[in-house]
Amino acid sequence: MNAWIEKQRHLIDFTLASLARRRTKNLGLLLVYTLLVFVLASVALYTHALRQEAAQVLKQSPEIVLQRMVAGRHDLIPPGYLEKIGRIRGVQAIEGRLWGYYYDPVVKANYTFMAPVAEAVRPGTLVVGPAVARSRGLAPGNTISFRAYSGKLFAFTVAGVLPHASELVSADLVLMSEADFRAFFEYPAGHHTDIALSVANPQEVRNVAAKLAAALPDSRPILREEVLRTYASIFDWREGIVLALLSAAIFAFAILAWEKASGLSAEEKREIGILKAIGWETGDVIKMKLWEGGLISLSAFLLGFVAAYIQVFRFGAPLFEPVLKGWAVLYPRFELVPAIDGLQVATLFFFTVFPYMAAVLVPIWRAAITDPDAAMRS
Amino acid sequence: MIELKQIRKAFNQGRPNEFWALNGIDLSIEAKKVTAFQGPSGSGKTTLLTIVGCLARPTSGRVRLAEDDISGLPERFLTDIRRSTFGFVFQQFNLIKGLSALENVMLPAFPTGRPHRELRSHAESLLDRLKLAHRREARVEWLSGGEQQRVAIARALVNDPKVLIADEPTANLDTALSREFMGILESLNAEGRTVILTSHDPLVVESAAVHRVVSMRDGQLTED
């Protein structure tokens, strides 16, 4: 056992000395390879964290949202609908929600105006999302006026700014009292934008949705899990788009790495011949080269992955953010919670380290099985 | 110690450029003696040396090493024998560039798993004995021809082999260095090592250190 460990130590010593001897080639290889892992890991980590973030935020949202449809378009919920739903078993709470969009010509951005039921906002005041506060330079106590679609001017006092933690979904949010909301949009009394239903048992959500669809045929129940799925597929799609856009570069890098790794110079072949002549077995030569490939590919994987982790979770992925997050005038500014998916790391490891090892091994094996008497004739 | 029976060696066998380098060699090499193979280029000296040193297998014939028939052994076992029994000094020295003299000397012992400290001190003592202690950390490409050859000798001795094999050892050396090499050879033989070498240098084959000269031509022995 000790001899085995000593032997591996000698092989590693020789490998490190060999790597140092061909410094330029190996550093170039390490750089290209690290870059490859960095790009792939950045995209994977960022989209995974986005999916996690969206799931985390949507955990607080209602299980079912009911929208009324007219001619296939979203329409207001008229009075009496809440009563029509009545009591459905499994539903914990039903509430009519009021929300709408407002285009602010000052910053050329859309805001989401909302009259929350749970949190009371005093008439004449607003609670704004972090991106709105940033774009309009608002702080609690400031006054802001908006011109309604009717042409009338409304002035509000900012009562507060929503917490940074929920920015992914609250960046463009403006909360106001129900009376102000109805006055601002001239919303007819008793009407709501949609209805939110809370269902405690996740198994019951689909049954409740089916009952709602039966009771109100002109309405459409939207389930939280569907929204989550939509988010997931949007981020998956964006991840795919980024990878497709980068595929040419990724392939170029991969081919370069393959070329560098698999190309065995005449000098290296000569050295293998010498090692065999002075008593190294074919297996020793292959083991030494495996250590070499392992050291390069593992270092590149670790460096690339750590650099990607820092880029994504420390600096907010500035390289890929615009594509992966989506486009908007009001960008949500949020810090992603570091989230690593073991399977994703394993997949990345398999598709980067494994081909490299194969690239190294095949030519070495071919060179290592040559007769040791070649050294005598060189 | 080493017995060769009807050794034949072909290159490119079965192809139009088939070439027989050795044609029925019968030879017995005595232990603890210095034996030199001499002959013109292409006479088969080096090929014979590769077969004696287990670097290659004969196409036909038998090789016996200390009573054991080793001609049919698989590569793995041949490598073991080569590592433990033979030390090689090549014509071009065949040192690994970019490594120090000391690292080069230690190389053949790496697969044995000998403890690093012990191996290092043994390699240092060999370099010391060959008057190269002050150059042990120098890269081999910075050494003179004579120094490189002494590094190659130290490397050949690191696994403490019974047999030292040298192919045209003085081909790249001037007269003074050649004499120095013969002196080293003599001292190694005095320790009880068998030395087998090839040469067409009169300074070697006519040296008193050489006990026996085997002449070759066209893959056959001509005289003893």
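Helices (H or I, at least four residues) and strands (E, at least two) are taken here as DSSP runs, numbered from the N terminus. This is a predicted model, in which local features need a pLDDT of at least 70 and side-chain atom pairs count only at pLDDT 80 or more, while totals for chains, interfaces and linings use all residues. Residues are numbered from 1 along each chain as its sequence is written, and chains are lettered from A and ligands numbered from 1 in the order in which they are written. The predictor assigns the complex an ipTM of 0.91 and a pTM of 0.70.

**Confidence in chain B**
- Within chain B, confidence is lowest in strand β10 (residues 220-223), with a mean of 83, and highest in helix α3 (residues 101-106), at 95.

**Contact between the chains**
- Counting two residues as in contact if their C-beta atoms, placed from the backbone, lie within 7 Å, the contact draws 28 residues from chain B and 25 residues from chain A.
- On the side of chain B that touches chain A, α1 (45-52) and α2 (75-85) of chain B each supply at least two residues, and α2(B) gives the most, with five residues.
- That side of chain B comprises eleven nonpolar, nine polar and eight charged residues, where Ala, Val, Leu, Ile, Met, Phe, Trp, Tyr, Cys and Pro count as nonpolar, Asp, Glu, Lys and Arg as charged, and the others, Gly among them, as polar.

**Helix packing in chain A**
- Chain A has 13 helices and ten strands, and 82% of its contacts with a separation of 6 or more join residues 24 or more positions apart.
- Of the 378 residues in chain A, 31% are buried, a residue being buried if 20 or more other C-beta atoms lie within 10 Å of its own, exposed if 12 or fewer, and partly exposed in between, with C-beta atoms placed from the backbone.
- The axes of helix α2 (residues 23-58) and helix α10 (residues 282-313) of chain A come within 7 Å and cross at roughly 40°, the axes being lines fitted to C-alpha atoms, for helices over the stretch in contact, and the angles running from 0 to 180 degrees between N-to-C directions.
- α2(A) and α10(A) are therefore oblique to each other, since angles under 35 degrees count as roughly parallel, over 145 as roughly antiparallel, 65 to 115 as roughly perpendicular and the rest as oblique.
- The residues in the contact of α2(A) with α10(A) are 19 nonpolar, seven polar and no charged.
- α10(A) also packs against helix α12 (residues 342-368) of chain A at about 155°, with the axes 9 Å apart, and the two helices are therefore roughly antiparallel.
- The contact of α10(A) with α12(A) divides into 14 nonpolar, four polar and one charged residues.

**Loop residues in chain B**
- Ala66(B) lies in the loop between β4 (60-65) and β5 (68-69) of chain B, and has a positive phi of about 45° although it is not a glycine.
- Glu67(B) is found in the loop between β4 and β5 of chain B, and its phi, near 75°, is likewise positive in a residue other than glycine.
- Most residues other than glycine have a negative phi.
- Ala66(B) counts as exposed because it has 11 C-beta neighbours inside 10 Å, and Glu67(B) is exposed with 7 other C-beta atoms within 10 Å.
- Arg139(B), in the loop between α4 (116-129) and α5 (145-157) of chain B, is partly exposed, with 17 other C-beta atoms within 10 Å.

How values were computed
pLDDT = per-residue confidence, 0-100.
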